[in-house]
Amino acid sequence: MKTVAQILKSKPVDTVYKVRPSDSVLDALTLMAEARIGAVLVSEDDRAIVGIFTERDYARKVALMGRTSVDTPVRDVMTSAVRYVSPEQTNEECMTLMTQHRIRHLPVMKDGELVGLLSIGDLVKAIITEQQFTIDQLENYIMGGSAALVGTSPSRPS
């Protein structure tokens, strides 16, 4: 089972996008669209995370509530109860946490510092990679065992 640290290393981009609580929802959505991501962290001073703003927050707290993206600050609609994981935790632990709390993004903290952000897609990709490795190893074992038998015949007395 991979650890969070291993998954972060395998990500092609390690940028974590952030907005300020006072930024408009439109600013956050624009950043998310440009970066092709589903969530941004919300930070007052670029260090302390005070929340997370997700596509789900937009759908449920802006669009359905009749608010406007231009006039609504992120602080009014962000999720402030942010769940975190550490680099030592496993993929399985992260999946369990996401499933229990119905979330799709987990900030990664080490010694009080933000070191990355995991999405459900990152975790699923890691699981698929591990499973494919296992499949490949089993196929090699089976084919290697079969190849050793092909072309050989039991010894016959002459």
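Let's start with a word we'll need: two residues are in contact when heavy atoms of theirs lie within 4.5 Å of each other. Keep in mind, too, that what you're looking at is a predicted model.

Look at helix 2 (residues 25–35) and you're where confidence is highest, at 97, while helix 5 has the lowest mean, 81. Then there's the stretch over residues 147–158, where the pLDDT is below 50. Beyond near neighbours in sequence, that stretch has 0 contacts in the model.

Now for the overall layout. You'll find 5 helices and 5 strands in the protein chain, and along the sequence they come in the pattern α-β-α-β-β-α-α-β-β-α. The radius of gyration is 23 Å, well over the 15 Å that the globule rule gives for 158 residues, so the chain is more spread out than a compact globule. The C-alpha atoms fill a box of roughly 95 × 35 × 30 Å along the principal axes. Of the 158 residues, 30% are buried.

Let's go inside. In soluble globular proteins, nonpolar side chains tend to be buried together. Here, the largest nonpolar core has 12 residues, including Val4, Leu8, Val85, Met98, Val108 and Leu118. Helix 1 (4–10), helix 4 (91–101), strand 4 (105–110) and helix 5 (120–149) each give two or more residues to this core. Apart from it lies another core, made of 11 residues, with Val25, Met32, Val40 and Phe53 among them.

Zoom in on valine 108, one of the residues in the largest core. What does it touch, leaving out residues up to four places away in sequence? Its partners include Val4, Leu8 and Val85, then Ser86 and Pro87, and also a run of residues from Glu113 and Leu114 through Val115, Gly116 and Leu117 to Leu118.

Our last stop is aspartate 23, which sits in the loop between strand 1 (18–19) and helix 2. Is aspartate 23 buried or exposed? The cut-off for buried is under 20% relative accessible area, and aspartate 23 counts as buried because its relative accessibility is 11%. A polar atom of its side chain lies 2.9 Å from the backbone nitrogen of arginine 20. Leaving out residues up to four places away in sequence, aspartate 23 also touches Thr72, Pro73 and Val74.

How values were computed: Residues are numbered from 1 along each chain as its sequence is written. This is a predicted model: local features need pLDDT of at least 70, side-chain atom pairs count only at pLDDT 80 or more; totals for chains, interfaces and linings use all residues. Side-chain values use heavy atoms; hydrogens and water are left out. A nonpolar core is a set of buried Ala, Val, Leu, Ile, Met, Phe, Trp, Tyr and Cys residues joined through side-chain atoms within 4.5 Å. Buried means under 20% relative accessible area, exposed over 50%, partly exposed in between (1.4 Å probe, protein chains only). Helices (H or I, at least four residues) and strands (E, at least two) are DSSP runs, numbered from the N terminus. pLDDT is the predictor's confidence in each residue, from 0 to 100. A polar contact is a pair of N or O atoms within 3.5 Å; within protein, one must be able to donate a hydrogen and the other to accept it, and residues adjacent in sequence count only if both atoms are side-chain atoms. The radius of gyration is taken over C-alpha atoms; the globule rule is 2.2 Å times the number of residues to the power 0.38.
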